[in-house]
Amino acid sequence: MSDIKIKDLDGVRISSEDEIRPAAERLHEIALNKGFRAAPAHDIADKRTPVDKDGNVLADVVFGWGKDETAWWRNSRIALDSPITSACRFESEPFWVNEEGFRTKLPNRYIDEIDLKNFATRAMTPAAIVIPIHMAFGKIGAVSFNPLDSSITDLADLYKKHGDLLGIYARTFVVSYIQVMGARQALPSGSRLSKREVECLRWAAIGKTDLEISMIMSRSRATVRFHIHNASTKLDAVNRSQTVFKAAQLGYISLNN
């Protein structure tokens with residue numbers, strides 16, 4: 001980690017739309033110096049990829065992926081088809097992957113179960129170091145660092161040497177890009193829930209009805225409905241399920257229990 005250079009970190013951090021293109025160019029330079037080409041996605045659920053202030057696709061004009069039909073950023077199904085994208089939903093630390101499997105810092109049974117059949121075709125690269133970027137409101141970004149030499153498929157040494165470093169630069173770039181581009185918040189800012197509202201939603205999250213929650217909490221059914229309705233209003237949710245989901249996004253409750 002001593003290889004981190006503050007000027008490089010500042011160079012990939014974006015504080016205005018004018019800085020998007022220069023920050024992308026710096027990230028591109030850093031990747032090239034390590035033997036990779038970067039493929040950034042600010043939101044794996046979005047068909048679009050990062051652009052500069054004039055709307056130019058950075059994957060094309062900066063990162064050198066081209067604009068023909070074979071370019072990864074033009075593939076509208078890559079979010080569903082690519083094993084790399086799938087893995088980013090279940091892993092938050094840098095990892096590397098090729099057709100033989102995923103390599104993570106700690107065992108992860110979820111990505112071990114991802115189908116790697118026809119990996120190079122579906123991932124559009126024979127191997128990559130990947131940086132998943134989990135952000136507020138459930139948004140997931142990712143930067144894939146693909147070897148310039150496509151014959152290199154064993155990235156163990158490069159991952160050990162550069163994985164964490166590339167992770168810091170990639171996260172700084174993507175997170176600041178999201179902030180500057182003013183992505184619409186998925187949840188309102190004034191959405192602080194009360195203790196009772198959270199308690200009701202925790203029980204609702206595991207499938208309890210209003211009647212069951214009222215019995216558990218020794219409150220009336222009307223009171224339970226009142227708390228859940230208030231939470232729904234605060235979170236701008238359209239129904240009970242969305243209220244629970246948005247509360248989980250904010251960290252009030254867990255959906256893993």
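A pocket, on a 1 Å grid over the protein atoms alone, is an open set of points where a 1.4 Å probe fits, with protein on both sides within 12 Å along at least five of seven lines, and its lining residues have an atom within 4 Å of a point. The structure is a predicted model, in which local features need pLDDT of at least 70, side-chain atom pairs count only at pLDDT 80 or more, and totals for linings use all residues. Residues are numbered from 1 along each chain as its sequence is written, and side-chain values use heavy atoms, without hydrogens and water.

The second largest pocket is lined by Gly138, Phe245, Ala248, Gln249, Ile253, Ser254, Leu255 and Asn256. The largest pocket has 30 lining residues, and Ala41, Trp72, Ile78, Ala79 and Thr85 lie nearest its centre. Strand E1 (36-41), helix H4 (78-81), helix H5 (83-88) and strand E5 (140-147) each give two or more residues to this lining; helices (H or I, at least four residues) and strands (E, at least two) are DSSP runs, numbered from the N terminus. E5 provides the largest share, four residues.

Attention now turns to helix H9. Within H9 (residues 195-205), Glu197, Val198, Cys200, Leu201 and Ala204 are buried, that is, under 20% relative accessible area with a 1.4 Å probe and protein chains only. Seen down the axis of H9, these buried residues fall within an arc of 165°, taken from the directions from the helix axis to the C-beta atoms, so they line one face of the helix. Cys200 has a relative accessible area of 0%. Just after H9, Gly207 takes a positive phi of about 95°.

Terms used. Buried means under 20% relative accessible area, exposed over 50%, partly exposed in between (1.4 Å probe, protein chains only).
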